[in-house]
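Let's take a walk through this structure together, one piece at a time. Please have the sequence and the 3D view open side by side as you read.

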Amino acid sequence: MKIQRKSLTAWLVATTMLATPGFAAGTHPVTGDALADDQTFTYRILDEHSSVDPQVVEDVTGSELVRDLFEGLMNQDAEGNLVPGVATGFAANDAKDVYTFTLRDNARWSDGSAVTAHDFVYAWQRAVDPELASPYSWFMELMSIENASAILAGEMDVSTLGVAALDDHTFEVTLTTALPYFPQMTTHATTFPVPRGVIEAHGRDWTKPGNIVSNGAYVLTEHLPNERSVRERNALYWNDGDTILEKVVALVINDENVALTRYMAGELDRTEIPSGQYPRLSQSNPDETTVFPRLCSYYYNINMTETGNPALQDARVRQALSLTLDRDLITERVTASGQFPAYTFTPEATAGFNVPNVDAMNMTQAERDAKAKELMTEAGYADGFDVELIYNTSEGHKRIAIAAGQMWKQKLGVNVTLANQEWKTFLETRGNQDYQIARAGWCGDYNEASTFLDLVNSASNYNDSAYSNPAVDEMLANAKLMDDASAIYTEVEQIIAQDVPIIPIYHYTGAYMMDTDLANWPIGNVEQNWYSRNLYKRAD
Amino acid sequence: MFRFILNRLIYAVPTMLVMIVACFVLMHVAPGGPFTSERPLPPQVLANIEARYGLDQPYWKQLWDYIANIVLRFDFGPSFQYKDRDVNDVIAQGFPITLTYGVLSFIAATTIGISLGLLAALRQNTLADYLAVGFSFVAQVLPNFVMGPILILIFTLHLGWLPGGGWYGGQWQYLIMPVIALSTSYMASIARITRSSMLEVLNSNFIRTAKAKGLPTHRIVVQHALKPAMLPVVSYLSPVFVYVITGSVFVDIYFSTGGLGQAYVNSALNRDYSVLLGTTILYGGLTIFFNLVTDLLYAWLDPKIRY
C-alpha cells in the first residue's frame, strides 16, 4: 500500500509554497498573514514531563516535546491524516505483514550526521530491550512486531526483533499479523529514532541540553525541571525552510487558575480553560476561547465480579443506572466546556467509527427515566439499593459524582455513597476490583476504535470492570485482521450498550484560551498531535 | 561544649537510620507503587521495570543497597518518575532555589517580625501597638495558598509590575512575590511571640532594678531585655528556618519556581521512592543540624544554660 498519491501531492505543493520567497518577506506564503517579529510560542504545561527520551517518555506533555525534538517515519497533518516524516512513503506486501519504508536522504541529526534506517533499527530494538525497561514497550507488542513479546519476556535477544535496515534508506518491519492501522502507529513517540553514539557516550544524561542530539524541527536548549523547558529551531532539520516559530517555551504551572491569570497578563500564548470557566470566558473573550473534540472518554466502571455490588450483577440494573444519567445536564451545567454527551465508549470523532444506533440516543430523558424504572422493577429493585461510587480526588470528578448520585437517588431511589481517594490508592482499588462503581477516563493511543474497545476485551489489562463476553473477545480478535473493521466496532458498541460494563458519560473536548496571534493550531486533529513547526505567530 | 556537639552528632546517626527505615516502611505500606498508572503495565513490562530499579529484590535488600549506595558512593539512586534524572540531580537543582527564597523569606520574616514585636511591646497600648498586632493577626490568618494567587492577581495582572512566576536564575523580580507569600505568616508569628516575650521581660525584676538604677531606656532594652526576650523567638525560629529553606509546596506551585518543596510532595504522590527518601534524609539532616545550632544559641543567649 502506497501512501495516497493525492495527499502526497497536496503535501508537496504545500511545502513548495512554504519555501517561496514571500515567506522571507514577513508574510505567511499560504495565508498571507503578516508574521510577528518575535516568533516565540509560550504555553502552559500542567506538570514536569517524565522524559524527552522517545523510548522512555510516557506522558502527554513529554510526548509533545518529543514530537518537536524528534521525527519518526510518519507524521500527522492538521486533520490527523498520515503525512511523510523521515520516510517519504511505505509499501506493504500482499499479506500486509511486512512493511517497507523508504527514508529520505536529506534527513539529518542536529550534529549533522545522516538519519538512516539503522537508527530506526536501534531505536525499535531499544524500545523492547528489557534492560531499558521502557514503560511503553507494550506499544511495540501492540504493533505486532515479530518477536517483540519474546524479547520483552527475556526469551530472545533484541537483535531478533522483526526490523531490518535493508540499506541506509530502506527500513523493513515484519509483523506477526496483518495490522491495518500499523502505519498510523509509527507517529507514536516510542517509534522515533535515537542517536546511538550519543546515548552510548552520555548514558542517562544524553537528553540533557548540551548533550542531546535530535532529528526534529527543534533542539532542546534549556530545561529547568518544574519551571520551564525551551526548544529552538534546528537549522539542520531537513524541512527547516518551512519552520516559522523560532522558539517554543513550555512553562510548568500547576495551578490552572494561576495559569489563566498569567495568560491574561500576556505571559502565555496558550493555556487550558479551568474547569467550569468556559461559559464566562467564552462571553468575555470569545475570540480566544477554543473548544474542539478530543479522542477521550469519561465514564464509570462497574465492577462485574463477585466483589462488586450484587444488584449491579443484573444487566437491567446497570442499564437503568446508565439511562437515568442525564448526560445533557452534566455536560451543559456541570462540566460546561462543550463536552459531548456519550452513549458509546468510542468517541464519534474516531477515524472510521460509525456511531451505532443505540436506543438511549433516540429517547428523551423522560423516556429514558421511565424505561429505567421499568427495568429496576423487573430486576426486583423497585425501591432502589445502596451503592458506593469512588473517584480520585478532584473537584471536577466530585461535582459529576454528586450530580450522578443525585440523579440515581431521585429517579431510582438508589442511595449513593461517594468516596474520594488519592490517585495511586484509587488506581490500586480500581485495578483490584475492590469497588462497586468507579470513575474512569481514557484517551486513545491512536486514532482507531480498537484503542478504546480493547478495554472491554476480557484479556485486557485495562478492563477494570472485569467484563467478560466471549463473543466480544472473538469480534475484537477478528477486527484486528480486517482492513475495515468499522462494522464490528459498531456491533461491539451495541453489545456494550446492552451489557453496560461501563457507563459512558461524555467525550472530552480540548478547551483552550489561545492568543489570537497564534495561528494554525490543529484543532481538527482529535489526538492533538501538534507540531510547533506548523504553527506561527501573526503580527498584531 | 565540644563534647556536647560531638555527642549530638553521634546521636544523629541512629536518628537518621530510624528515620530512613520508618520512611521506607511507610512508603511501601502506602497503596500503589511508582509504576501504578491509569494504564496498568503488562506483567512482563512491569517485571522488567522493577528489575531495572531493583524493586524485585526483598525489602531488606532494597533498604540495605539503598543505604550502602549513600554511604559508599553518595548516590541516592534514580528517580522513578523523572527518568532522565537521579535524586542527586533533583536535589542539586531544587535545593539552591528553595535555599535562596527560603533564606530571603527568613531574613524578611525575622527582621520585620522582631522589629514589629519590639515596637508593639515598647509602645504597648498605643496606635503603633494596635497596628502591629492588627497586621500580625491579618497576616496570620492569610495562608500562603490564598496569598499566592492574590499577589499574582494584583502585581501581575492588574499592575503589571512583576512576572507571574518562574525563576530565571533567581532574578529579583521573580523573587519578590515568593518571598512575600512565604514570609508573611512567619513574620506575624514572630511579631506576636516577640511582643509577648518582650512584655514579660520588661515586667521582670531585673529590668525594674535597671530602671531604678537610672539606666536609659535604650540601654535597658538592648543590653538587658533583648537577649532573654529572644529565647522563645529562637526556639520558634529553628524549625521555621528548616521549613523555609527546604521549600514550600505552595510557593513552588503558585510561582513555578522549580523548588524542592514541590518535588518532595510530588514524590510522595507519585510514590517516587528514591526521591522521597532522598529529600526526607535532606530534611531530617537539616532539622537535626539546626536543632543543634538552636541549642548552641540558647547557651549564648542565656548564661544560665551550660552544656
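How many Å separate the centres of domain 1 of chain A and domain 2 of chain A? The answer, taken over C-alpha atoms, is 34 Å. Please keep in mind as you look that this is a predicted model. The domain assignment of chain A gives residues 5-248 together with 515-537 to domain 1, and residues 293-510 to domain 2. Where these domains touch, 12 residues of domain 1 of chain A are in contact with 14 residues of domain 2 of chain A. On the domain 1 side, the touching residues divide into six nonpolar, five polar and one charged.

Let's stay with chain A and look at one of its sheets. Four strands form an open sheet in the order 4-5-7-6, and the pairing is antiparallel. Strand 4 (87-92) and strand 6 of chain A stand at the edges with a single partner strand each, so one side of each has no neighbour in the sheet. From one strand to the next, the twist averages 25 degrees. As a reminder, strands of a sheet pair through backbone hydrogen bonds, in either a parallel or an antiparallel way.

On one flank, five bridges join strand 5 (residues 98-103) of chain A to strand 7 of chain A, and the two run antiparallel. Here A:Thr102 has A:Thr170 as its bridge partner in strand 7 of chain A. Strand 6 (residues 163-167) of chain A also runs antiparallel to strand 7 of chain A, joined to it by four bridges. Strand 6 and strand 7 of chain A form a hairpin, with two residues between them. Within this pairing, A:Val163 stands opposite A:Val173, while the bridge partner of A:Ala165 is A:Phe171.

Now find helix 3 (residues 117-128) of chain A, which lies across strand 5, strand 6 and strand 7 of chain A. This helix runs at about 170 degrees to strand 6 of chain A.

Another element of chain A to visit is helix 2 (residues 60-69), which is mostly covered, with eight of its 10 residues buried. Among the buried ones are A:Leu65, A:Val66 and A:Leu69, and also A:Glu64, A:Arg67 and A:Asp68. The buried residues of helix 2 of chain A pack against strand 8 (218-224), strand 9 (228-233) and strand 10 (247-252) of chain A.

Next, please turn to chain B. Chain B has 12 helices and zero strands. Its C-alpha trace spans about 85 × 60 × 30 Å along the principal axes, and 37% of the 307 residues of chain B count as buried. Among contacts in chain B with a separation of 6 or more, 71% come from residues 24 or more positions apart.

One helix pair shows how chain B packs. Helix 9 (residues 217-245) and helix 12 (residues 273-301) of chain B meet at an angle of about 170 degrees, with their axes 9 Å apart. Helix 9 and helix 12 of chain B are therefore roughly antiparallel to each other. By class, this contact has 10 nonpolar, five polar and one charged residues. Helix 9 of chain B contributes residues including B:Leu231, B:Val234 and B:Phe241, and they meet a set in helix 12 of chain B that includes B:Leu286, B:Phe290 and B:Leu297.

Helix 12 of chain B also holds B:Leu292. Is B:Leu292 buried or partly exposed? B:Leu292 is partly exposed, because 17 other C-beta atoms lie within 10 Å, and a buried residue needs 20 or more. Leaving aside neighbours within four places in sequence, B:Leu292 is in contact with B:Ile5 and B:Arg8. The C-alpha atoms of B:Leu292 and B:Phe4 are separated by 9.5 Å, although the two residues are 288 residues apart along the chain.

Finally, let's bring the chains together. Their contact takes 40 residues from chain B and 40 residues from chain A. Helix 2 (43-52), helix 6 (144-158), helix 10 (249-255) and helix 11 (260-269) of chain B each supply at least two residues of the side that touches chain A. The residues on that side of chain B divide into 17 nonpolar, 16 polar and seven charged.

Definitions and conventions
Residues are numbered from 1 along each chain as its sequence is written. Chains are lettered from A and ligands numbered from 1 in the order in which they are written. This is a predicted model: local features need pLDDT of at least 70, side-chain atom pairs count only at pLDDT 80 or more; totals for chains, interfaces and linings use all residues. Two strands pair if DSSP finds at least two bridges between them. A residue is buried if 20 or more other C-beta atoms lie within 10 Å of its own, exposed if 12 or fewer, and partly exposed in between; C-beta atoms are placed from the backbone. Two residues are in contact if their C-beta atoms, placed from the backbone, lie within 7 Å. Axes are lines fitted to C-alpha atoms, for helices over the stretch in contact, and angles run from 0 to 180 degrees between N-to-C directions. Angles under 35 degrees count as roughly parallel, over 145 as roughly antiparallel, 65 to 115 as roughly perpendicular and the rest as oblique. Ala, Val, Leu, Ile, Met, Phe, Trp, Tyr, Cys and Pro count as nonpolar, Asp, Glu, Lys and Arg as charged, and the others, Gly among them, as polar. Domain bounds come from an automatic or database domain assignment.
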